[in-house]
Amino acid sequence: MIIKEIPIFERPREKVINQGVKYLSNVELIAILLRTGSKEKNVLRLSEELLYKLTKINELNDFTVNELTSIKGIGTTKAVTILAAVELGKRISTITSQNKMLNTSKLVYEHMKNYFINAKEEHLYGVYLNAKGILISTIELSKGNLNSTLIDSELIFKWYYKLSASGVILVHNHPSGDSNPSLADLKKTEEVVKKAKLLNLRIVDHIIVGTNYYSMAENNKYFNIFNK
């Protein structure tokens, strides 16, 4: 069946007009981005073939132009359109997360957990807050193994000043799923907290995200990092 043979009320664009975009399946949404199929397959079939490459839809975050164009029927223009749509969605999501009150570790975890989906290495983010505990911005600071390059105090403080923040919550992930802090986690956190206090800057917490999450501030009685 070619796209013109599909009843008009079942075609993706017509469904958006008549029902709204939220009623479209992932296949139909991708079909709208692709616009056309190829000689061998219609656009819906081509969309299905792309989705077969994914376990979850958010894996599109990690696709490259070369990976997309390896699918027969998807050229550079189609690939770039898909990646642009994915990036636009990420930016919209970031903007709509502004003005969030993040005054508990659970709220921070809920805000951050999707940042680490399918992450294969550790990423460190700074969640910068104003004096009322409202989110100013979430900044990816570094990625790699937890060492001196991952927790870079100068970079943390640079964004602190740049955003005129009143506090920052450090958040990083453990790809293993175990959210318990390692000795390196604790040591590096202690170092950056001490440096921040010398500059009258406030490190509110360091949260580790795994299958669940771990808040160093909430467990401070064991490590006494944030009271020194």
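Is tyrosine 128 buried or exposed, and at what relative accessibility? At 0% relative accessibility, tyrosine 128 counts as buried, where buried means under 20% relative accessible area, exposed over 50% and partly exposed in between, with a 1.4 Å probe and protein chains only.

The structure is a predicted model, in which local features need pLDDT of at least 70 and side-chain atom pairs count only at pLDDT 80 or more, whereas totals for chains, interfaces and linings use all residues. Residues are numbered from 1 along each chain as its sequence is written, and side-chain values use heavy atoms, with hydrogens and water left out.

The chain contains nine helices and five strands. Helices (H or I, at least four residues) and strands (E, at least two) are DSSP runs, numbered from the N terminus. Along the sequence, these elements follow the pattern α-α-α-α-α-α-β-β-α-β-α-β-β-α. Of the 228 residues of the chain, 41% count as buried. The chain exposes about 13200 Å², of which carbon and sulfur atoms supply 52%; accessible areas come from the Shrake-Rupley method with a 1.4 Å probe, and for residues only the protein chains shown count as cover. Among contacts in the chain with a separation of 6 or more, 57% are accounted for by residues 24 or more positions apart, a contact being heavy atoms within 4.5 Å.

The interior was examined through its nonpolar cores. A nonpolar core is a set of buried Ala, Val, Leu, Ile, Met, Phe, Trp, Tyr and Cys residues joined through side-chain atoms within 4.5 Å. The largest nonpolar core has 23 residues, and those with the most contacts inside it are Tyr128, Ile156, Leu170 and Ile203. At least two residues of this core come from each of strand 1 (122-129), strand 2 (135-144), helix 7 (153-162), strand 3 (167-173), helix 8 (183-198) and strand 4 (203-209). Helix 8 gives the most to this core, with four residues. A second, separate core of 18 residues includes Ala31, Leu51, Leu54 and Ala79.

Helix 7 has Ser153, Ile156, Phe157 and Tyr160 as its buried residues. These residues lie on the same side of helix 7 because they cover an arc of only 90° around the axis, the arc being that of the directions from the helix axis to the C-beta atoms. On the other side of helix 7, Glu154 and Lys162 are exposed. The buried residues of helix 7 pack against strand 1, strand 2, strand 3, helix 8 and strand 4. The N-terminal end of helix 7 is capped by aspartate 152, with a side-chain oxygen 3.1 Å from the backbone nitrogen of glutamate 154. For such polar contacts, a pair of N or O atoms must lie within 3.5 Å; within protein, one must be able to donate a hydrogen and the other to accept it, and residues adjacent in sequence count only if both atoms are side-chain atoms. Just after helix 7, serine 164 takes a positive phi of about 55°.

Aromatic rings were considered next. Rings of Phe, Tyr and Trp (its six-membered ring) pair if their centres lie within 6.5 Å; planes under 30 degrees apart count as stacked, over 60 as edge-to-face and the rest as tilted. By this rule the count comes to five aromatic pairs. The ring centres of tyrosine 128 and tyrosine 160 are 6.4 Å apart and the planes are at 80°, so this pair is edge-to-face. The pair links distant parts of the chain, with tyrosine 128 in strand 1 and tyrosine 160 in helix 7, 32 residues apart. Tyrosine 160 is buried, with a relative accessible area of 5%. Elsewhere, Tyr115, Phe116 and Tyr125 form one aromatic cluster.

Threonine 189 is placed in helix 8 and counts as buried at 0% relative accessibility. A polar atom of the side chain of threonine 189 lies 2.6 Å from the backbone oxygen of aspartate 185. Apart from neighbours within four places in sequence, threonine 189 is in contact with Ile151, His206, Met216, Ile225 and Phe226.

In helix 2 (residues 26-34), the buried residues are Val27, Glu28, Ile30, Ala31 and Leu34. They cover an arc of only 165° around the axis, which puts them on the same side of helix 2. Isoleucine 74 is found in the loop between helix 4 (65-69) and helix 5 (76-96), and at 4% relative accessibility isoleucine 74 counts as buried. Leaving aside neighbours within four places in sequence, isoleucine 74 is in contact with Leu34, Leu46, Leu50, Leu68, Thr69 and Ala79.
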